[in-house]
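User: Please take a close look at one strand of this model and its surroundings. I would like one connected account.

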Amino acid sequence: MVGITETVLRDGHQSLIATRMRTRDMLPAAERLDAIGYRSLEVWGGATFDVCLRFLGEDPWERLRLLKKAMPRTPLQMLLRGQNLVGYRHYPDDVVRKFVAEAARQGVDIFRVFDALNDSRNMQVALDAVRKAGARAQGTICYTQSPVHTLESFVALGHRLAEAGADELCVKDMGGFMPPGEGAELVRALVREVGLPVVVHTHSASGLSTLTCLAVAEAGAVAVDGALSPFAGGASQPPTETLVAAMHGTPQDPRLDLHALADLASHFATVMDRYRPLLNLRSLQTDPGILTHQIPGGMLSNLLSQLAEQDASDRLKEVLAEVPRVRADLGYPPLVTPTSQIVGIQAVFNVLTGGRYRTVTQEVRDYVRGLYGTPPGPLDPELVRVVTAGNPAISGRPADLLPPEFEKSVREVRALVPAADDAEALSYALFPAVYRAYRSSRDRGLTSDVLATAALGVIGALRAPRASLATRTAPATGGGSGGSPWAHEGRARLQNQRRYLDAATRRTGR
């Protein structure tokens, strides 16, 4: 029997509608979701925390509490970016420990812990905290393809995660390009040589995902991830119903009721109808090109938006060719938050400024200096020389350089909200400016309902048929995404790079 982790309440909507599903659209289905018999329900983490505060006017902690109360039987799961938690930088160890303890206390049963560089040092403190909290620690291997990522290297990482205290392993195929045969071989090797249960997470963007899920299930994976069909496919996971039907009657049969799943799918189809103005059709398209360029759908959306803002959508082909070169220069990092944004924005700079590394982003400088962790492979020597000329690289764990922050955050947040508890202090510690804006909006009566009505109205106007806009606007050039929304994470953190790109573009006249 193979278990199913249902992602409709987290990665499903993060992948297709930029994480905008509201708690009120989740709760009516909660009792039925809890009754299905899923191995777990992924409901929190990733971009959900940031988006709740930044865009939805919701308290992410309240969402977690409400979902736990409504779904007490099924283990609730979250995605944790190791030392980055649910943010875009490394946080000090005291914040990591406090966050994990609070998340476990409020309802998270399984923590899927990953690091963008597969640096187990950046997962160690989080894994320790999960075990201490009595939750299940899922150590994650970010799957990618490169000269330095081999079966042996992935198995070695599996051993390091086991030694770090992982209860089970997850193979995270964030780009959706892991072939069935290679996935099966990797699962068999991890089960045989590491000895921990293995679960597999993938995306449907290349069209391989369902085949890969079936192959890894036969190879010994204890669970695979799926999303209910209205929020499945494309940049999201394969449909849960399809996976269940495909394995029915086999030794891998998840033994879930297709009729009950169809009833839930009907609910989420209605939910998707409400959010359809946010859906970019590109997110649903199958793109076998990922099999060669390895650029995940979210990263591609970011590149399209960045180029459109610079009136350079016609140069996408050059950027797609530059991304693998930058990735090689940086030691072949997996393309996942935040490394996908680091590689992507530098590739755009290299193309639009008329010379490779004519402008080096601060994120690339920090990466080369080791402030994100140890890269998987060797870095380009010339780039290292330029970056470290006045700023030497570090060799230790990046978080060892960070002083404690939690108590300071408690003092600062209580100056805003005198009765703030640890959860609110953690929200402030992770996103101080965003939390201040969130509290200010709440104090002014800008509730989530008000914000939802305004946002959907604006997006609906932006998505109006082109014919109705023809007399007011020139046609878009080069296939840019124009005003359509896209996943926030990465863009928020790298927004400050725009001014350098603008200046460089003016200098080169391109």
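Analyst: Two strands are said to pair if DSSP finds at least two bridges between them. In this predicted model, strand β1 (residues 3-6) and strand β2 (residues 40-45) pair in the parallel sense over two bridges. Thr 5 stands opposite Ser 40 in β2. The pairing is part of a closed barrel of eight strands, which runs β1-β2-β3-β4-β5-β6-β7-β8 with parallel pairing. From one strand to the next the twist averages 30°.

On one side, β2 runs parallel to β3 and is joined to β3 by four bridges. Glu 42 has Gln 77 in β3 as its bridge partner. β3 also pairs with strand β4 (residues 110-113), again in the parallel sense and over four bridges. Here Gln 77 stands opposite Ile 110 in β4.

Helix α5 (residues 93-106) and helix α6 (residues 121-132) have axes that come within 9 Å and cross at roughly 35°. The crossing is right-handed. From α5, the contact is made by Asp 93, Val 96, Arg 97 and Val 100, and from α6 by Val 125, Ala 126, Ala 129 and Val 130. Of these contact residues, six are nonpolar, none is polar and two are charged.

Technical notes. Residues numbered from 1 in each chain as written. Predicted model: local features only at pLDDT ≥ 70, side-chain atom pairs only at ≥ 80, totals over all residues. Heavy atoms only, no water. Axes fitted to C-alpha atoms, helices over the stretch in contact; angles between N-to-C directions. Left-handed = near helix turned anticlockwise from the far one by under 90°. Contact = heavy atoms within 4.5 Å. Nonpolar A, V, L, I, M, F, W, Y, C, P; charged D, E, K, R; others polar.
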